[in-house]
Structure formats: C-alpha cells, structure tokens
Amino acid sequence: MRWTNYHGHCAYCDGRGSIEDYVIKAVALNMAAIGISSHAPVPFTTDWTMPGDKLQAYLQEVDDLKEKYKDQILILKSLEVDFIPGIRTPVDTLIIDSQLDYTVGSVHFVDQMADGTRWAIDGPADEFQKGLQEIFNGDMKQAVLRYFELTREMIRTAQPDIIGHMDKIKMHNKTFGLFDENEAWYRDEVRQTMELLARQGVIVEINTKAFYRTGLLFPGPEHFSLLKELSIPVTVNSDAHDPDKLTNGFEEVAQMLKTAGIHQLHEFVDGKWEAVAFEREGILM
C-alpha cells in the first residue's frame, strides 16, 4: 500500500524529530508522498508554533530534501496556517511568499480571554475550561457556534487546500461531556460547514492523530456519509508529531470510508490534486 500524508509536524514547531527523520520513515514505509506542514508562525508567543525567525530555514530545508530524495518519494512543502482574523490567515503575504505546494488551514484559536490571551481550543483541559468560562460563561454551545463560524469564515475568505481537523472543537467532549454531538443544532453546524466546503472545493482531511489514543477522528465516521452525499474530496492525514505516527490509523479509516461508500482519496499528483481510487493504490479491503 502506498499511503500519502499531507499533515505533519517536526522539531521546527511542536513535533519530534527533524524533517529528514520523517522523510526517511516515509521512504521506509514505501509512501507515495509526504507533505511537511509545520505550524506557521503567529505574531504572539505560543509553545507550539514555529518561531518566525525559523521560517526561511524551514522552507530551504524542505526544498533541499525535495532534491535529495526526488528519486525515492514526493516531498511537498506546506504549512498548517491558523485562521485568526486580522492576525494570521492562509492568504497572508507571509504565507503566499513562502511558495508552498499547498496549505492546511485550521482553527485553533477562538477569541481572547480577559488578559488578551488567545483561547486555544485544543490546549490542556484546564486551559480549555478557563477559556470556556471567561469567554463564553461556560456555555459550550456558544463556543461551538463561534468555532464553526470562524471555520466557515476561513473557508470563504482564505480557502486553504485542505481543512485541518474540521471539528476539533469536540476534542474535550469525550472527557467532560460538554454537549451532545447528536443534537440537531450541532449536526446542522457540521452540515453547513461541509456544504460550504463542497461549494468551495476544499479537501477534508480525516485526521487520525488521536485515533489510537482516544478513538477520536476529526471528522468522525458518523459524518462520512455526509462527505459521500456532498461529493467532498477527502484525504487521510495523521497530523504526525513523531515519525512513527505517519500512517497512524490509516488502514482502519480506509475501511470506514469504503463502508460509507467513499472509494477514492485526493492526492497531489503532477502539481495538482487528483482523485485516486483505493484500488489503484492497492488498498483492497
């Protein structure tokens, strides 16, 4: 099986290992392509985004490795870009000037706390609870609505090639039971977002980062039938933060997708995104 992975991180941001460590592992796994997509710099301090002064070295290193391994694997240059209106978006000059092969657009930050700290919705549980209380008075529904509002704004105004972990706002729900994901209002938010993705032609990743740890996928298999209904292009990414996690959960997700009637993934081929059937890649279930 020749997998691809277009979303992963290295030591330039919050991942472990060098870019070349990931490439070497991808070659060992006989992968068809690997996209290097460290967290793009943001103009405030975090402990997980790339420092701004490291960006040019990162871009050059990816280019150098593309050349070094060109006969073994397709290496693609990318960034996972936060959508923070007025602060950072996938269409900022900094991002465009980086001459990327594609962008992964994600919402990690939802508004600000009283002291100006931006609320990272996928941070530690105590920070999540603090932001939920300070910004939304503990009203999880309003936090979820705001998250999806920002997500749709990103899709409309910045249109990344791939949307990262589309429903990441549910991350802490399994632990705290903050809302019912089967309620009509939540399903409607997911549908509205996916309908916009379909109109804009943005690829939805099935993000497997947490799959072996918590069983979570973003989006979850309960939404795969909607992906099929709306003919949304799909790829499977592991959001790897360690070289050993490059194909985390891929076999299982491929089976889930096929069960939902999805028989192809979108891959980067000859400079453009193309639908590739599972069977063409030898992924036979």
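Predicted model: local features only at pLDDT ≥ 70, side-chain atom pairs only at ≥ 80, totals over all residues.
Q: Is His 108 buried or exposed?
A: Buried means under 20% relative accessible area, exposed means over 50%, and partly exposed lies in between (1.4 Å probe, protein chains only). The relative accessibility of His 108 is 2%, so His 108 counts as buried.

Q: At what distance does the side chain of His 108 make a polar contact with the side chain of His 165?
A: A polar contact is a pair of N or O atoms within 3.5 Å; within protein, one must be able to donate a hydrogen and the other to accept it, and residues adjacent in sequence count only if both atoms are side-chain atoms. The side chain of His 108 has such a contact with the side chain of Asp 82, at 2.6 Å. With the side chain of His 165, the value is 3.3 Å.

Q: What is the phi of His 165?
A: Most residues other than glycine have a negative phi. His 165 sits in the loop between β7 and α6 (173-176) and is buried at 1% relative accessible area. His 165 is not a glycine, yet its phi is positive, at about 25 degrees.

Q: What is the phi of Gln 159?
A: Gln 159 belongs to the loop between α5 and β7 (162-163). It is partly exposed, at 40% relative accessibility. Its phi is positive although the residue is not a glycine, with a value near 35 degrees.

Q: Which backbone oxygen does the side chain of Gln 112 reach?
A: Gln 112 lies in strand β5 (residues 109-112). Its relative accessible area is 41%, so Gln 112 is partly exposed. At 2.9 Å, its side chain reaches the backbone oxygen of Gly 116.

Q: How far apart are the C-alpha atoms of Gln 112 and Gly 131?
A: Contact means heavy atoms within 4.5 Å. Beyond residues up to four places away in sequence, Gln 112 touches Thr 117, Arg 118 and Ile 135. Gly 131 is 19 residues from Gln 112 along the chain, and their C-alpha atoms are separated by 7.8 Å.

Q: At what angle do the axes of α4 and α5 cross?
A: Axes are lines fitted to C-alpha atoms, for helices over the stretch in contact, and angles run from 0 to 180 degrees between N-to-C directions. Under 35 degrees counts as roughly parallel, over 145 as roughly antiparallel, 65 to 115 as roughly perpendicular and the rest as oblique. The two helices are therefore roughly perpendicular. The axes of α4 (residues 125-136) and α5 (residues 140-157) come within 10 Å and cross at roughly 95 degrees.

Q: How many charged residues does the contact of α5 with α7 have?
A: α5 packs against helix α7 (residues 184-200) at about 5 degrees, with the axes 10 Å apart, so the two are roughly parallel. Ala, Val, Leu, Ile, Met, Phe, Trp, Tyr, Cys and Pro count as nonpolar, Asp, Glu, Lys and Arg as charged, and the others, Gly among them, as polar. The contact has 9 nonpolar and 4 polar residues, and its charged residues number 4.

Q: What is the omega of the peptide bond from Phe 218 to Pro 219?
A: Most peptide bonds are trans. Pro 219 lies in the loop between α8 (211-214) and α9 (224-229). The bond from Phe 218 to Pro 219 is cis, with omega near -10 degrees.

Methods. Residues numbered from 1 in each chain as written. Heavy atoms only, no water. Helix = DSSP H or I, 4+ residues; strand = E, 2+ residues; numbered from the N terminus.
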